Structures are given as C-alpha cells and as structure tokens.
Number of protein chains: 2
Amino acid sequence: MKFVYSFEEGNKDMKEILGGKGANLAEMTKLGLPVPGGFIVTTEACNTYYQEGKKINDSIVQQILDKIKELEEKTGKGFGNPANPLLVSVRSGARASMPGMMDTILNLGLNDIVAQTFSNRIGNPRFVYDSYRRFIAMFADVVKGYPRSAFENVLTRLKTEKNLRDDTQLTAEDMLNITREFKKIYYDFEKEEFPQDPKVQLIESIKAVFRSWNNERAIIYRRMNDIPSSWGTAVNVQQMVYGNRGMNSGTGVAFTRNPATGENELYGEYLINAQGEDVVAGVRTPKPISTLKEDMPTIYDSFLQIAKSLENHYQDMQDMEFTIEDGKLYILQTRNGKRTASAALKIAVDLVKEGKISKQEALLKVEPKQLDQLLHKNFVQENLKKSEIIAKGLAASPGAACGKIYFTAEDVSNAKKRGEETILVRLETSPEDIQGMQDASGILTVRGGMTSHAAVVARGMGRCCVSGCEEISIQEKEKVLKTKDGKIYKEGDYLSLDGSTGFVYGEKIAMTEPEISGDFEVFMNWADEVRRLKIRANADNERDALQAKKFGAEGIGLCRTEHMFFNEKRIFSFRKMILAENSTQRENALSEILPYQKEDFINLFRAMEGSPVVIRYLDPPLHEFLPHTKEEIAALAESLEIPIEDLKERISSLKEFNPMMGHRGCRLDVTYPEIARMQTRAVIEAAIEVSKQNIRIEPEIMIPLIGELKELQYVKKIVCETADDIIKKSGVSIVYHVGTMIEIPRAALLADEIAKDAEFFSFGTNDLTQLTYGFSRDDAGKFLKDYYDKQIFEFDPFAKIDQAGVGMLMKIAVSKGRLTRSDLHLGICGEHAGEVSSVAFCDAIGLDYVSCSPFRVPASRLAAAQASIKANQSK
Amino acid sequence: MKFVYSFEEGNKDMKEILGGKGANLAEMTKLGLPVPGGFIVTTEACNTYYQEGKKINDSIVQQILDKIKELEEKTGKGFGNPANPLLVSVRSGARASMPGMMDTILNLGLNDIVAQTFSNRIGNPRFVYDSYRRFIAMFADVVKGYPRSAFENVLTRLKTEKNLRDDTQLTAEDMLNITREFKKIYYDFEKEEFPQDPKVQLIESIKAVFRSWNNERAIIYRRMNDIPSSWGTAVNVQQMVYGNRGMNSGTGVAFTRNPATGENELYGEYLINAQGEDVVAGVRTPKPISTLKEDMPTIYDSFLQIAKSLENHYQDMQDMEFTIEDGKLYILQTRNGKRTASAALKIAVDLVKEGKISKQEALLKVEPKQLDQLLHKNFVQENLKKSEIIAKGLAASPGAACGKIYFTAEDVSNAKKRGEETILVRLETSPEDIQGMQDASGILTVRGGMTSHAAVVARGMGRCCVSGCEEISIQEKEKVLKTKDGKIYKEGDYLSLDGSTGFVYGEKIAMTEPEISGDFEVFMNWADEVRRLKIRANADNERDALQAKKFGAEGIGLCRTEHMFFNEKRIFSFRKMILAENSTQRENALSEILPYQKEDFINLFRAMEGSPVVIRYLDPPLHEFLPHTKEEIAALAESLEIPIEDLKERISSLKEFNPMMGHRGCRLDVTYPEIARMQTRAVIEAAIEVSKQNIRIEPEIMIPLIGELKELQYVKKIVCETADDIIKKSGVSIVYHVGTMIEIPRAALLADEIAKDAEFFSFGTNDLTQLTYGFSRDDAGKFLKDYYDKQIFEFDPFAKIDQAGVGMLMKIAVSKGRLTRSDLHLGICGEHAGEVSSVAFCDAIGLDYVSCSPFRVPASRLAAAQASIKANQSK
C-alpha cells in the first residue's frame, strides 16, 4: 500500500488521503507554481500508526526514506550532507483545516557537523545557529514534550545580561552559545544527546505530528467543527526556504479578497528578512501587502498573477503563504480563505456576478451557521484583541454583550429600568429568571451545557450567552464573581461576553451594530428558490413572531404556551391553578388565565397574518412554576390565604425525583382535563376573533409527550369537544388541526398507531435525544466532557441529531406514520432544527418543515437549500 | 348482527361473546342438566353500548324482547302476567370470572299488580312481598345509584320497633308495609314512581349491568388480573327459581374437590329455605354440604352425580351454585373453581394420576403466580405450640400471617405504605375492601362461610384468611376487637392467623422459610421437562443465591454489586471513594473496598458451585450512597477529616436534576476507570480463588447502561487488560465473558453495533421501560392512577412487558444482535422476568434465559413451561 506521495503524485481532489495542505501543495506543483519540493505521508499512514499501537511500521519508514532520496536528487542537496544540506519542515495537514491545532517542526536536518560546515560555507553562522537552536527547542517541545519555557528562559537571561531588547540584536556567537545551552538542557532532560541522524530526527518528528492529532486542543477543535477523529492527519515534509536570509528575502500571508469585507482586492501583510513564525507571532509589525509593489515590484507582479490564477483555479477566495528567498518567490500554502459572514456573502454574490460560479455553487460556499454573525451586535475587533480573557465557557448563544454584572434576575431588571446595559450572572438559570434574561444584554452561567436552560432560552431570544463557565465561581449572597486566578468582580463591574467563542473579558469593550448588506437578501432569495423544506420558527409571543417573519420564517412551528405565564401578573393565577385542591378551584384559576392566553394568541395570529401556527399545550412539570425562596413562598401563602406550612407541604409534594420523566406534557391534561379545555378555548376563541379581521388561521394544536394512542385520544376528545362547541356557537367556520410531538421513543416506535389520531407530527428531538440516550441534558454536562476527551462521543447529540440512534427512531416514525396517514404533516421543533447536518437529515427523511429559533431562521433557510442542492447532486 | 343468544344456542367455547357464566349455562343446558331457562346478551352488545354513547340501540332491544317471548313460551309464564308471572334475574358475566365485582338484579318482573295477584294465587304473600321489596332496593341501588342503607334502615327500624332479632321473623304484613315504604323512598329520590313495566325494568337493568363493567372496583380487579377493558361483560337473563319457598327449598354452593387442600371430596355449604345471597352475605351460617345427604338424600345423590359429570366434562374442579325449589334441584352456575396453590397442585397432579389429563394439560391448570403462595413463610412450629389460641374461625384460605391489626381497608393500605405487616379485621368484607385485602398479610372476618366474599377473594390472591370467626366481636368505630373471654385487642396490636386451621393467636409468632417438596416437586419437574427457557435468579449475596438454587434457579442472571456496599463498615470506604478529589484518593478508597468485594464474589461463586453468574458493575448514581441527614454528614466529615461545609458542597455538587438519567452505570467507569479496574480485580481474583477449590466458574461481567459501542469498547478494554494481566500472573486458566445490559433505547436500536463487542445481552426492562415511555417509576405513581381510571393504560408496564413498545425494541435488539453474533447469549433481568405474560414473550422472541428474584423462580419455571406448551400447540 502506498503511504507516501511526492507533491508531483497528488492533486487537489486527494484531500482525504493527502490532507488539505498536501493536496493543495501537490495541485500547485502540478500547475507549475514555485513550490519547494517535498512529499506527503498520508492520513492512512496516521491511522495505521494508531492501529498498530503508535508505531510507524518498517514499510512506511522505507517509503519515507525513498521519498527523501527522491527529494535529494531533485534538489541536488543531501540529507545530513554538511556541504549542501537538505533541510525540511514537517507539518501537519488534515482533510479539513485545523489552524494551529497540531504541531510543526522546522529546520530539520541540522546537526552539529552540518551546522558548522554549512555556516562556514554560506558565511552566515548567525542564521544557521539561529535555525539550529530553533530546531532543538521545537524538537524538544514537540517530540519529547519538554516545556518551551526552559529554552525561552535562556534567551531571556542572555538578553538581560547583555541588556538587549530584541532577539535580532543577538550575535552569531550568542546563537552558537545558545545552541550549546539548548543541547545541554536537552541532555539533562532526556539523558541522551540531541539526535544527530537526520533520519531519526525525521521519523521521530513525523510520529510527533501524528500524536498531535490527538492532543487536547485538536480534539476540542474537531468537536467544535464536527471533524471525525477517524480522519487522521497527513504529514507534509517539505524543503525549507528561508525568508530571513537578508533584505532580499521575506515572508508573508495574503488573501485574494478581503476576508473581513469581501472586497475584491489583494489583502495581506509581509515582513522583509523574516521567518513565517515572526509574522504570526507579532514580534515585528508587518507591512501591508500593497507596499510590496514598491519594495519588490517584480515579485509583487508575479505573486498577484499567481493569486489570481489560484482563485480562478479553485473558484474561491484563497488564503496563501509565501516566502521570498534571495529574490526568489515560493508559495508554501494555498487554501480557501476563512472569512466573516458578510465577506462570505459578498464573495459568493460577486463570484456569481463575475460569471465564475453558478448560484447553486455560491450557496454551497457560505456556512449556514456563519449567518448568525450577521444578526447580532459584535465587538470592535481591534479592541477585542487588546482585552484580556479572564475565563472561558461554552459558546452557548452567539453575539457579543458588554454590561454591568448583576447576580439576580430582579437586579438586572431594575438596572435596565435605570437604563444600564447588564450581564446576568447566575450559577444556572431557571424559568423564573426569564424576565431578567430578557432584560440583560448577555447571560453568563457557571453550570449547564450547550442545551441548558440558559443556553436554550438565550438562543431562542437571540441573547448572547456563555454557559457552563466553570472557571469562575460566584458567591450569590455577596454578589461577587471570582476567576480561577482569584480576580474579583463585584456587582456593577463591567464584563464583556463573546457568545461565539465562549470568552469572558474583564472589562468594557466597544461594540458595533450588525451590518446586513444588500447581498444578504439577494443570497437568501437564491436559497429560497432551491430549498424543498419549509422553515418555521419557535416563537412564543408577538415580538418573537415578528422577528422570525423578518428573518424569513414561513410560520410558527412551536409556540410554548407555558412561556406566556412567566409574567408577574399571570404567574400568580398560574400558581393558584397548580396549587388548587380540587377542580373547582383549578377552573377558577384557569378562568383568570384564559383572557391573557387568548389575547396572546390573538396577537400571535395577527403577527403571522394567516401563516401556520403550531400551539403546544402546557408541557413542563408544574413544580418549575412554583417559588423556591422563603420570601417568595411567604408572599404566595399570604396572597393565597393559606398557612405557609400548608403551602410548603404542597410545594414539596409536587417535587419529583426525575422531573424530566415526571408529571408533565399530556400527562397534565389527563390528570387535569380542565387545562386542555381552557387552552383550547383560548386558541379557538382567538382564531374566531382574528377571523373577524379577515385573518384566516388554521391553528395546529400540538399535544406534547404522547407515548400511547389512547393518551392522545383522551386529550384530543377534550380538545375537539371544546373546540367544536365554541365554533358551533360562534357561527364562524374555523378549521383546526390536532397533532402531537414525537419525543417519546414509544411514540416513534408506534407511530402507525399514533397517526390514527394525529394529523401532524413534530419531532421534539431534545426530549427524544434525552430518552434515546438515557441521559438528561441538565446532568450530562458533568460526564460528557469525559466522553469527548476519551473520544467516545465526537459531537454533542443535543446540538446535532444522532442520526444512527435518534435518527433511526425518526425514520421509523416517518415511515410508519405515513403508512397510516399518507398526508401526515411532518416537522421538527427541537434545538436541532437550526443545525446544518440535522437540517440536511430532516430533508433527507422527508420532513415538511423545520422550526428553529428566530435567529436561526436564515441559517436554516441556507442549510435547507444546501441540502436540496446536495441531494440533487447525488442523484 | 346477533346480540342475544338463548341458552340453547350457545356452548362452553363461546366465552368471548357469551361470557364465562353464560357459556357454561348454555353448555349445561346442552348437557340436559336442570338449568332454569334464559338467554344471554353478548359482550359485543356491551361494547356497542359503550361505542354508541351508553345507549342500547333499538335492534338490540328488539332481540332482547324476542328472547323474552321465547322464554315465555318455553316456561308457559308471562312477563308481567299477574296470574303466572315470569320473574327473571339479570346478572353480569364477563369472559373471565370477576366474582362480586359487577351488579346483579333479582326478582325482576314484579310490580304492584303482579305481586298482589301472584301472592294471592300461590297463597304466600310474605314470600312475594319479600321478593318485591328486595327487587325495589336492588333496582334503586344498581340502576339509580341510590344508597342501600336507606332501605336497610327501614328494616332495622321495624325490627327494633317490634323487638325482632331476625328478618325471618317479619310477617307477610310487615313485608307489604316495607314494600310500600321502599316505593315511597324510591319516589322521593327519583321523583317518579317505581317502574311497573317489566320491559322497562329489564332494559334499564341490563344497561346498569353494562355500566357496572366500568365501576371502580371492577377496574381495579381487571388491572390486578390483567383483564382488558375491551372485553366487556355479557348479561345473563334467567328465570328465577327460589330456595326460600319453604323447608323443601334451599340453596348452596359446592366444589367438586376441596379448594383449600385439593382433596377429592365434595366440598361446600348450603342453607335450607334461603336465597343465594344469604349464603354469600354470611347473614346465616350455612351447613356443610355433607349434611345435605341426611336432609335431602335424593337431591344430594343427584347433585353429587351432576358434580362428577361436570368435573369430567370440564376436566377440572368445578365450583357450582344450586337452588332447590320445592324439592326440585336447579344448577345455576358452574365454573372452574378458584383454589389455593397447594390445592391447584394436588388437583393437577391427581387428575394426571387418575388418568384424566396429561402432564402438559396439568401444567396449564396452575397459574404460575399462584405458586408464590407456596413460598410463603409458615409459623415456627415450636413457637406456635407455645402460643395461645384466642379464637377459632373457618380455615378459609391457607397460609400463615402475623401483623398489626387494622379495622378498615384504608388503614391497612396506609400502614402498608409505612412498611408494616398487617391483618385486616372486618365484620365481613365487601368488594370495596379489595385493595386492603391485597395489602394485608392476612384477613380475619367475624361473619361469612367458606364461600363468603372474604374467603373466595383471599384464596384467589393467595392471602391467608380466617373467616366466620364468630367467637370474636368487633367495634368498628372504636377500632377494638374483643374475644369471648373478654380480651381486648386494639388497632396496631399484633395477631397471628393460621389460614390452614382457622386458629387466631393473640401475639406475634416467628415464621420459617418454605420448601419445595411433594406434589410441588413432582409438578415442577414436569415443568422443567418441557421448558426451553433457562431460569436464573437475581441475587446479590450468598444467602439469596442459596435460596434461589433451592427454588430451582440455574444460575445468577444479575448480581448488583452496589448492594454489597450498603454495609456500615463498607459504606465508609465507598463514600470515601465517591468523595475523592483525585484518582489517587479514589484508588486508595477502592483498595479498601477490594477485599470485601472479592470475598463476596468468592462466597457467591461457591454457593453457585459453577453455575453461571452475571456480575453487573456499579450502576446507581453516586449521590444515592451519600448521607442526607445533618448528623450523618457531620459524622462523615469528621471521619474524612474535612470541614462539614466542604463535604456539604461536594454532596450538593453530586446532586442531579434527573438522577435516573444521570451519572451512573458505565458512565461512572468512563469517568473513573479505576472503579472498573477494582471490580474486575475482585471478580477475577475470586474466580481464581474458587478454581483452586475445583469450582470452575466463567464469570459473566455485565456493563450497565451502554448506549454506544465505543462506550462499551472503552470499558471492556479496561476490564480485559486488568483481567488478562491477573490471569496471566496467576498461572490459572480462567475464562470470562463481557456483555452488556440492554436498557437504553439506543442500545436496542443499535444492537448490531453493540454486539460487535458484547458476548451477551441482558435486557434491563425496568430502565428500558422508563426510557421508552419517558416516565420514571419513582414519579409515575402520581399520575398513573389517572391513566388506569381513565383506561388509557390497562396494566402496569413495570409489572408486565409492554410488548407493543418496549417489546418492539427487544425484538429489534434480538434480531440485530444475532445478525452480528449468531451465538449471542440473551437474557432478561428486569422485574418482568417473574411475570407470566412477560416470560411467554421472552420465550417467543428467543431469549435464552430469564432472571428473576429468588421467590419468583418457581413461577417463572412454570410460566416458561406453559410458554413452551402453548408455542408447540400453536405450531
């Protein structure tokens, strides 16, 4: 089996085995561009390495050494040849770009003899020993795991002794001494000399790069970007070229278009007489690429031409690395450039306008989840770079927020009334915090995962949120937040949150308003032209509904009626209902709630102007609605005119061991049919009301948590009897539909039964995922970290549908359900509905719509379009 | 469609539509036995009644009236004919016997004119008006729902006025007056006269019987006996015959064999000059059937002959009701008699010995769950001898019971919830007491014979019962029992009952364990000969393992290793393990636990003498093991030498929102691999240890809560590395197996994946049921009552496998699992493994074994045998 390819043997379509970097180096070689020679050890070699117990077998070693020989012949240099040494870089290169996550070793091939002979020959000992000492430090770090700081300390000490400010001020002799000291440190650490055989250096380095595929940051990055660990990384071995060999040398990075704005202009920066790492490390300030035209006009022209040809060749904006060695230009890398959402849109639309790609190709060039960026405020980027990250949590809900911190929802709401921008800081949020979450600019929680209450509600609101930030601790009573470094932030101090990275900054950072350029609309219209899936939104009130419509939602797929009760005025009636001791008391309380609920529905129906609205009946366990603090309980007891002790007892009797699997959903309607009756009355009376204003609405009544046909029949009977009676008396003709959530495994398995009485299904994939896996999202955060670290799970099944398990249940439900009722209407309203691969899955299994939070609607529209395009391509 | 059948039109195989009572009345009519004429309204008519909104449609009414006409012709009597009236009884009769659960109306056809004319003609006005007033009271109660007490009060008042002790002392004139008063009460209540048209009486009564199918006690009874509500009840309309027409009349109940012991002797009791309800109600104490030989020798002989022929015809012990009217014998009912477990065994074995049935037929005659009775404890004989007998009653249902006395069913049920053993003491029981009878350890009644309600129901339940204990008196209000010697026992005092002798002891008596011998052993051996399924037991310690083996278990299907830690000495080390702050602390704590666990396994393996043992690794959430009270926490903090506050914080950090779906099962091993390592060490070292004593054991290591193949692979790797290392070092050859629970829906769905690394599956149907339905056992109690009441659920899915939903997952897992690994070994270890229909299901889907609690092993052996027989029959 072939495990090693020279650049001449590959091309851009071989990313799977050569990695992205390798495939593009091969492609550029094929195009005749000035690429230093080299070869690629394949991803398959990496996987073999892991399968064989972290060993590179003899056959692969031999293939590598053969390619070294080829390279020696091509370059006329010799590996370990003191007179004319072949020096190489060893770099990782996975199928997908994972910038900076894995390891790199440069200047490989140097040893004591080579360094001495070579430096004499080229007359530049400072350059050679600078390269050698860098190699030793990198090798010790990457291959042997020795901390870099030990080497850096030597440099620092020397500069202090000599009172120097900059490495560049060090002399050739300094570099020679430093090299000696580095070798000594290496020896003390390893109890053996620094390896002198370049072949040993090479094989050890390749192994180290393979290992770095599974270092912690690579694993985290893969999880964040849905890259399977089974892909493995390739390793690129390439002849070194040096941008630091004098004023006729240099190095730089450039994009074919502006990655921030999308403008069609060469964009980038370079340094004269420097190595690539100097540009990245920010030791010296690089110059904008435009000035290269003056510094080296010929080089600039040929680079510009290469850039243009690469963009045309790849039909996308390119991100390139180049080095100029002694007046000769080399291209070290090209890849599709990362870009901001607005740049992505502009580039995609421009490329269509320039006639280079089709609309469908353009649609595939923008990552749906990137569109989120366009819908939120953001930090001024320069200010952000200067700010210190004081903690890191989960990037739970994108956007940026800056404000004074408060530790209770009430304090936030009060501060908002005073006109302050605020951040709500909580151990974890609960439904009672909803007003505060609404009023805050951002939410920071210590506990809870990507799908915790805080995260879900925040995303629904489009509120920036960092959750599960366990690096901080809070003392709620003292209203104080403490970082792991012991920094203290008190109530009223400023913090800034980046919901797209999970970073927390300990200061105020300036913000910019979201910019939605005209390209956005053009682009979304293209998406709407090709998609099959309808997009609805989850919205519980008029404001969210209007927001969703603005973002292109074609209906409401989930209105959570319980959210309508978390208002101070209403919660009291609702609590009275919960604490009722008999159905008369309960009905009285419900009759207080009815007018509110009806009015909410009227507003919702009006906002949607006749577009479909799915109304889910009361779902959460009642205990969630009850007060928890002493004061609140006392206040409630007083207003209910019952003794505190009685109330406490009643509250505690409603507590459940596993509330997620408790008395909730349709189970509430079975126990208290009067709830379903009241909710039906509110829905139908609202529909009648708006029909008088010529808004024709067919409410879709959705019964949650159904697991058994008879359960649905019981509740449906109550709904239909109530509804039909009201409709008959009103004299208005109203059509309504009754359907169910599919969120209990049993309902999916018996969907043919359930479909007898359900006109539609909506997959509640949050609960379905919890029950299919048998873990609750509130608790799973604690142990799932270990699952990711140990590569048992590669992605969060609450963020992305588990197609193998949960997806199998969905497929069963779709096919069985349609067997009973061929026109069964099918949707999904779980968190997954806004995630790209999940939307593609929903498209593939034939759902009619997905329903996501308003701020995810544009992403879902694009994801649905991409799913359609890919489905057609694969036909 | 035919909804009404005359007795001549049916036979015993038509139970589904005629009900048990109706089918047997038809069969007896066909056999030419003296059965009063009549007809049956079918169960289909009952279901139609419910489907059509509780109405009997015209077509069915017409069919009923046609059959009345036929009956008039056959009997020569006329419905409503004053000179020669046709009087009928209207009785329920479901497919399965539901004694006393539904309603009955007697003497229907009487009205003012009929009563007057008829009583004149037969010259017995007392008899006629006694019948009429009974009819009015029954009709008011059953059809109109008016409380019987109102009528009874009239009787009581009159007897007090006239200073009479007994109803029989009332004169004809008294009866006439009582009838008038009853009619007035009826009028006052209903605001209309008592209906005089017999046809109206009949249709209303049939409707009432249909309604009684859904009264509360019928619903409870059905649930307890797995009778679907969809069956409905038939209604039997039959010509009345009277056992109370003088000393030449009588009525009785008899069994062809002794229902308590199984002895082959006519067994029963009768009353001269009485109606059937007098025997059952226990108002007068009946005479044993043997004395009928002297009272009415001819009648006795012909009854004995009928009894024998019925037993031969049905090939089973019969329970018959008869009435003698004016010297003529009528058979009113026959059915397979309820019997105690030991009677059931003896009868089954005897019938085989008598050559009447085959062994396989015998196996089908005993209800597996009845065998539980034989495993009940008995008194320690020496202690029994020393105890004083304070009263003697009828040995109504065998067994021994010792507990605190309570005087209402409700008090018993409450005491049971507190964990008390109880004795229910009642004047006589009524169908409303059914829950209390179920919850009590024993039942003691003052009134009622061997066939009274208490006796029949207690035998059915296998509950120990002493009935008709007239030597004691009770004051129900004061909750006090008094013996004839004047001894007083108050609520909460201890009594002991011997249901085999009828003796009541005034104290607590120690109990002994049961044994399998005699007919039981013979019978169980027959069962073992035919069953395919192996039977294992769930046992966590040597004692349970030995018990299980005694009951015939062929291995241990589930050893819950966490149960080994709930010992005071061990729990401390275990808590230290849980609260460890790093893996070193954890390993130290585990090394304290290791020797205990190893010793436990040694004892278990020794007890099982080489039979298979499945060891499940640590399963429950860790929080369950931590102390909860202030004092316990303080004590633990002291022994751990950490501040109380720190401990509290750690405990609270382990709390979970939904612990059932939390950090438990294999998830613990993923987070803390050292736990799996310690448990493997204990298992393997124990196996090595016993192998030196020549006990060859192949431990089956079972990983709980697996939902994903990689999870299993991760834990299995730890297990195998640890085990193989120990085995290698020991030099002993030990074979072990690694498998998994299937209790997470995802594992069932992806069983083909899981089977790649699992050598066996054991279905954990408790958790699988919780997750498939999405409700937790701990919480479901609160709302499932409503589900039963509203007939959404007909059985408890935790007691009986939900074949439609959970069963579907099991089938998927079996077929997918065997696809990957054809020799995959399959078992079940949930609670369901001891329940008959679930065992049959496990047999049908091809499991290799079921594993239940030790006391359920005999029932499972029989259930497995029955499943095999039925499977072969249906081939």
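Okay, let's start in chain B, where B:Arg245 and B:Glu325 pair up in a salt bridge, with 3.8 Å between the closest N and O atoms. By salt bridge I mean a side-chain nitrogen of Lys or Arg within 4 Å of a carboxyl oxygen of Asp or Glu. This pair ties together distant parts of the chain, 80 residues apart: B:Arg245 is in the loop between strand 5 (233-239) and strand 6 (250-255), and B:Glu325 is in strand 9 (residues 318-325). Helices here are DSSP runs of H or I with at least four residues, strands are runs of E with at least two, and both are numbered from the N terminus.

Before I go on: this is a predicted model, so local features need pLDDT of at least 70 and side-chain atom pairs count only at pLDDT 80 or more, while totals for chains, interfaces and linings use all residues. Residues are numbered from 1 along each chain as its sequence is written, chains are lettered from A and ligands numbered from 1 in the order written, and side-chain values use heavy atoms, leaving out hydrogens and water.

The cut-offs are under 20% relative accessible area for buried, over 50% for exposed, and partly exposed in between, with a 1.4 Å probe and protein chains only.

Next one, also in chain B: B:Asp767 and B:Arg664, at 2.8 Å between the closest N and O atoms. B:Asp767 belongs to helix 30 (residues 765-773), B:Arg664 to the loop between helix 24 (644-653) and helix 25 (666-671), and they are 103 residues apart. B:Asp767 is buried at 10%, and B:Arg664 is buried at 5%.

Now over to chain A, where A:Glu721 and A:Lys717 form a salt bridge at 3.7 Å, N to O. They sit four residues apart in helix 27, so about one helical turn separates them. Over all chains, the structure holds 129 salt bridges.

How many salt bridges run between chain A and chain B? Four. One of them is B:Lys710 with A:Glu794, 3.5 Å between the closest N and O atoms. On the chain A side, helix 31 gives the most, with six residues.

In total, 51 residues of chain A are in contact (heavy atoms within 4.5 Å) with 50 residues of chain B. The buried area is about 4500 Å², with carbon and sulfur atoms giving 60%; that's the accessible area (1.4 Å probe) that two parts lose on being put together, summed over both. In chain A, A:Met661, A:Arg746 and A:Ile792 lose the most, together 15% of what that side buries.

Last stop, strand 5 (residues 233-239) of chain A, which holds A:Gln239. A:Gln239 counts as buried, at 16% relative accessibility. Leaving aside neighbours within four places in sequence, its contacts include A:Pro36, A:Thr75, A:Lys77 and A:Leu87.
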